[in-house]
Every structure is written in C-alpha cells, then in structure tokens.
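Welcome! Take a moment to look at the picture before reading on.

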Amino acid sequence: MEKLAIDGGTPARRTPLAEWPIYGELELKLLKEVLESGKWGGAGAAAKAGYEPKLPLLERKFAELQNAAHAVSVVNGTVAITVALQAAGLKPGDEVIVPPYTFIATASAALAYGIIPVFADIEEHTLLIDPEKVEERITPKTKAIIAVHLAGAPANMTRLGQIAAKHGLKLIEDAAQAVGASWEGKGVGAIGDLGTFSLQSSKNLNAGEGGIVTTNNREYWENAWSICNVGRIPSGGWYQHERFGQNYRMTEFQAAIALAQMTRLEEQMARRERNAKLLTELLADVEGIRLLEDDPRITRHAYHLYMFKLERSFAERVDKADFARKAAAEGVPISTGYIPLNRNVSIVETTKMWTGEERVYECPVCERICEKEALWLTQNVLLSDEAAVRETAHALRKVAESY
Ligand SMILES: *Cc1c(COP(=O)(O)O)cnc(C)c1O
C-alpha cells in the first residue's frame, strides 16, 4: 500500500489543475465597448450611435443555446428563481415542492416571496429529486415543483412533467448548474414552464454575478420582464408601472463578460465531458466508491461538478470528512457537499415566520447521503489536462485502499 500524503507520503496529484475563471482578449474588448458606449446599465441611458446593447444580445443567444423562445437577464440565479415563481403566478402562502439536496437558494428564493418550500426526497442513484416522492407531498396549497439539475445532470423531466400535468402544477427548472445540458435532446430551462440559470463566479458560464430566466411562454416572459423592471411593461412608458416589480436588472458589463465566456463554453463543455468519462472509467472498480448513475435520457450532462458517493457499507466505517481530508492532502480538491435543506435552521425558521407552524419534512435518503456518503470533485479537475485527471483518480483509489 502506498503511503498517504497526510502521513508524509508523496501526493498523488502533481500536475497542476486548471485555473478558474478562464478569460482573454475578447473579454477586454467587449468590456471596453461597453465602457465607451455610455450605456452601462440595463435601462435608461441611450447608447452612442453604432453600439449594439449587449443584454438583449445575451438574452437572444442564451435562449437559443437552451432552445427556449425567451430569456430575461436578472441580477443573479437566486432572484431568477423568485422571479420565475412570481411569473408563473405563485402567490405568498402557496407551496412549492423542492429537493432538499441543492444550494440553499432553491428554497430561500421561494421564501423571499412568502412561498413555502416543501421537501421531497432525492433518488439514491442520482441525488436528484425523486419524482415518486413528489406526489405524496402535494396538498391543496401546492402550486409548483422545482426540478434542480444538480452538478449539470438533468432531473427526470419526463416523469416530473407527467406529475405536474396530472395535478395542475407549474414545473420550474433550477438550472443554475446546468448551462448547456439537455434532456431527450431539449435544452434544460425550456422543458418546464420556466427555467432559471446563474452566471455567478463559480458556475459554468461566469459573469461574476448574474442570472437568466428562460421560458417558451410569452405571457410568462412578459411577467418576468415586468417583475425585473419595476413593474413596467415591455412597450409601456417609463413611469407606467402596471404590476408589482423591482429593479433586478443586470449590467451591460456583465453581459459583455457572459457573451465572451459563451464563445468558450462549447470547448469547455467538451473538456468537462471527456474528463468526467475518464473519471468514471478510472473510478468504476475502486472498492468503497460508488458512482452516480446517469439516466439514458440525459442527452447532455453539463458536468459543473463531479459528484460521487462512498459505498453504503464502506461509509458505515469510514468518515467521509476524513476521506476528504486525506484526498485533499493528495492534492485533490474535494467537497463534502450540501447539508440537508429540510433541516436548515434558516429555512425552518423562515417557514415558521410565514406559516406560524414548525414544519418537519423527513428526507431519509438525503440525510444519510449528506452525512455519510456524498463527495464532490470541483470543476478545476473537470477542466484540467488528462494527466491531472488520472492522478486525481489514482489519489482517490489510494485513499480508499488505505481503509
Ligand atoms: C448557484 C445556485 C443558485 C443561485 O445562484 P446565484 O447566482 O448564486 O444567486 C441557485 N440554485 C443552485 C442549484 C445553484 O447552484
């Protein structure tokens, strides 16, 4: 057995990992164009002659990328979720079914508008919302489901679509981690009623901060646009506020960076896919490691992260935080991942503030996986050269064998 780096051995990963963000001359050029145009924001000031505003261009290109008819740019991916729920017609007091294994924004964005998140457990083999657990959470107050395409893997949109249709619920896709992903050939964010994306620094398409709402429904698009533009309507006057809205606009600077980053997306996606496939091959027979299963209806996985699990029996005797510490010493950036949102104090307390009730939603699969099994490799690994990926896989094998 090889000596672990944590015990003074040689770290398994020596090839440098990819840096993030990745940028070049194009970002500079487009930023300069914005600066010199005089049009820095998403509304108001007119641009100098000959300047084509970048936000509408980004919205057009992004909608096209995801096969959606419409897109609205917003300040971030959290606000995008609140806006999508409002645009779909949800009201304070309504309930929305969400998975407990996701970034906190999926639930807190609902609570921001008084909409109550209700947690349906995740699938053991994908870590995504389990459609069969959704139905048992439906009450007369349920108005929507949020599918989260975690780590770039689309949730089961076919089954969720059937359940939403049967019960008259809206289906919203939190695709913050899934730019470029598709399910049965259709871009995520264009399958349900509305989709939401994040352009935050860590996400696959990075504008520093930013978000996008997508939809194929013209009425939802108008609602979303209006909510983000202080209740104005697309063809209305500056002081004509027809509905409740706020200023959720992105800047032209962010659109410039996002447009430049979009030109790098396809190459980066191909690299992520290649490296994920290699990791899957190299880790498949490591005792103690259990890989996730991708539904064959996933036509493109965005591989924002590479999530995997410790095998259940292995995880009974091996502490996953200890595994992560040993992997980190080998030079592998690894995260122990989310904690269950159904148990998060701010979610429970804010739900209580709105409903007056202490609500407990049991999600045993999520709770066990969070505590004992789930680990993630970061995107730096997925964007690296083959040598670094091979060394990463070797490091995980070395750590697993040490137990
Ligand atoms: C990042 C993220 C968000 C929030 O996006 P921000 O742009 O950071 O506000 C929402 N949902 C998921 C699943 C995310 O990963």
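## Around the ligand

A polar contact is a pair of N or O atoms within 3.5 Å; within protein, one must be able to donate a hydrogen and the other to accept it, and residues adjacent in sequence count only if both atoms are side-chain atoms. With that in hand, look at Ser198: one of its polar side-chain atoms sits 2.6 Å from an oxygen atom of the ligand. Lys203 also brings a polar side-chain atom to an oxygen atom of the ligand, at 3.0 Å. In the case of Gly77, a polar backbone atom is 2.7 Å from a ligand oxygen atom. On its own the ligand exposes 380 Å², and the protein buries 93% of that (accessible areas come from the Shrake-Rupley method with a 1.4 Å probe; for residues, only the protein chains shown count as cover).

There are 16 residues around the ligand, and Gly77, Thr78, Asp174, Ser198 and Lys203 come nearest (a residue is near a molecule or strand if one of its heavy atoms lies within 4 Å of it). Helix H3 (77-87) gives the largest share of this shell, 3 residues (helices are DSSP runs of H or I with at least four residues, strands are runs of E with at least two, and both are numbered from the N terminus).

## How the model is described

This is a predicted model, in which local features need pLDDT of at least 70, side-chain atom pairs count only at pLDDT 80 or more, and totals for chains, interfaces and linings use all residues. Residues are numbered from 1 along each chain as its sequence is written, and side-chain values use heavy atoms, with hydrogens and water left out.

## Two domains

The protein chain is assigned domain 1 (25-261) and domain 2 (264-402), with bounds from an automatic or database domain assignment. Their C-alpha centres lie 25 Å apart. Where they meet, 49 residues of domain 1 are in contact with 46 residues of domain 2 (contact means heavy atoms within 4.5 Å).

Most residues other than glycine have a negative phi, and most peptide bonds are trans. Now see Trp20 and Pro21, which are joined by a cis peptide bond with omega of about 0°. Pro21 belongs to the segment before helix H1 (25-37).

Glu184 is not a glycine, yet its phi is positive, about 50°. You will find Glu184 in the loop between strand E6 (182-183) and strand E7 (186-187).
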